[in-house]
Structure formats: structure tokens, C-alpha cells
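Please open the structure in your viewer and keep the sequence beside it, so that each stop of this tour can be selected in turn.

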Amino acid sequence: MKTIMITFAALSVSTSTAFAHASFATPHAAQGSTYIGVVNIGHGCAGEATLKVRVLIPEGMIAAKPVPKAGWTLETVTGVYENSYDYYGTPMTEGVKELIWTGELLDAHFDQFSFRGKLTDTFAVGSTVYFPVVQECANGAERWIEIPAEGQDPHELDGPAPGVEITEPGDSH
């Protein structure tokens, strides 16, 4: 009986690691489009509630704006972009680089955190753009920040960052 319990506990940990991670509701978007990112958070940190969700906006996504959530406070971190981007005829050199929601999401619950931003044409068609996500809890964190190497399956990583595959411009998928 003791062996069965140990085996079950080991499977529970490995299953949690393999299948429970931050992900996007829509994992693809057209090059040059305005993307609505919806990050799914399916659990807390080892049974603890999630108290903060941080989403890093990658260079090349501009004009990012988060969606406020009832019961959560919202912060944005702004900064200078590495490049200047054309935003409907206006040069854009700075903007939101990180989104931070602070509140409480019980481990037993699921929730989504949304934002939008323009995916510039600096992202090649067929490439995947990664958005590192960190969930902070009272005594730990889940870090979905690993970006796979070229040709590596993201499912092989312990903490894969959610990604968006870039499709042809105008592709509405």
C-alpha cells in the first residue's frame, strides 16, 4: 500500500508539471495584427492561491493594454523599446513592457488574464513569440519563463512560456 501511495504522489507531481501551465486561449495570430492575448491560469503554487500574475511583453509587440479584472489591481511597467515602430503612421519608441495583476485566485479555481497589443512585422511568419508569465503565491511562484531552443518541443520544459505562432498577414484563423 505504501508503494502505491508513493507512486501516486510521484505521478501527481509529474502530471501537474507536465499539464498544468500558463497558456494562451488563442495560440496563433497574423503578422502585423492586433492580438488579444488571454492567458489561462489553471492552478496556484503547490496548493496555494495565486496572488499576482505578471506577463512580460516581448520586444516587437507595441501598444499593449491590459484588461482590468474585478477584485484585482492592475499595474503596467513601461519603458523604451529597443527599436522604433510605426503605429498607424506615428513612430512609437516606448510603451508597456510588463502587465501585473494583483489579487487572489484560489488553487481550485481557473481564471484568464487578458490584454491586447500590435504584433509588428518584426515577427517572422512561422515563428513563435513567447510571453514569459510568473504566478506569485504567498510562499513561492510558478515561473512559465522557459523559451525552447530552435526545434525543441516546449512540452519538454518544466516551465514553458506561453507562445503565439505568427501566421501570414491577414490570416484570421
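Begin by selecting histidine 28, and then look across to strand 12, where glutamate 165 is its bridge partner. These residues belong to a pairing of strand 2 (residues 28-30) with strand 12 (residues 163-167), which run in the parallel sense and are joined by three bridges; here two strands count as paired if DSSP finds at least two bridges between them.

Before going further, note that this is a predicted model, in which local features need pLDDT of at least 70 and side-chain atom pairs count only at pLDDT 80 or more, while totals for chains, interfaces and linings use all residues. Residues are numbered from 1 along each chain as its sequence is written, and side-chain values use heavy atoms, with hydrogens and water left out.

Stay with strand 12 and select tyrosine 130, whose bridge partner there is glycine 163. Strand 9 (residues 128-130) runs antiparallel to strand 12, and three bridges join them.

Next, select phenylalanine 24, which stands opposite valine 39 in strand 3. Strand 1 and strand 3 (residues 34-41) run antiparallel and are joined by two bridges. Both are part of an open sheet of four strands, in the order 1-3-8-5, with antiparallel pairing. Strand 1 (23-24) and strand 5 (61-66) each have a single partner strand and stand at the edges, so one side of each is left without a neighbour in the sheet.

Finally, show the whole chain, which has one helix and 12 strands, these being DSSP runs numbered from the N terminus (helices H or I, at least four residues; strands E, at least two).
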